[in-house]
Amino acid sequence: MQHALCAVLFRQTNIVWVIFTLAAAIYQHDYLARRKDRPRTIAAEFNSFVTFVLWNIFNLVVKYFGHVLVILGFVAFVAHNGSITLGK
């Protein structure tokens, strides 16, 4: 979590990488471990992953609270600042 928070503080666009690493961690450590069959297409895989995340959102938020906290902090920053960049 510390690396993610520092990345956002130094460059606001790094929030994309925080979200990417969160999605990759969920996919690798949670989704693949519970999946029983393999979807045939990329679209089916994506749909299955999104469905998994939506059905398990509470458990995932608790497990990856550090990432979620950084993302919520970024959302609060954008709401307060009015844009992604510091200043206007």
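Here are some questions and answers on one helix and the salt bridges. This is a predicted model, where local features need pLDDT of at least 70, side-chain atom pairs count only at pLDDT 80 or more, and totals for chains, interfaces and linings use all residues. Residues are numbered from 1 along each chain as its sequence is written, and side-chain values use heavy atoms, with hydrogens and water left out.

Q: How far apart are the end C-alpha atoms of helix H3?
A: Helices here are DSSP runs (H or I, at least four residues), numbered from the N terminus. H3 covers residues 42-55, and its 14 residues should span 20 Å at 1.5 Å a residue (1.5 Å times one less than the number of residues). The model agrees, with the end C-alpha atoms 20 Å apart.

Q: Which helices do the buried residues of H3 pack against?
A: Buried means under 20% relative accessible area (1.4 Å probe, protein chains only), and in H3 that gives Glu45, Phe49, Phe52 and Val53. They fall within an arc of 95° seen down the axis, so they line one face of the helix (the arc is that of the directions from the helix axis to the C-beta atoms). Going by contact (heavy atoms within 4.5 Å), the partners are H2 (15-34) and H4 (57-63).

Q: Which residue meets Asp30 in a salt bridge?
A: A salt bridge puts a side-chain nitrogen of Lys or Arg within 4 Å of a carboxyl oxygen of Asp or Glu. Asp30 is buried, at 7% relative accessible area. At 2.7 Å, N to O, its partner is Lys63.

Terms used. Helices (H or I, at least four residues) and strands (E, at least two) are DSSP runs, numbered from the N terminus. Buried means under 20% relative accessible area, exposed over 50%, partly exposed in between (1.4 Å probe, protein chains only).
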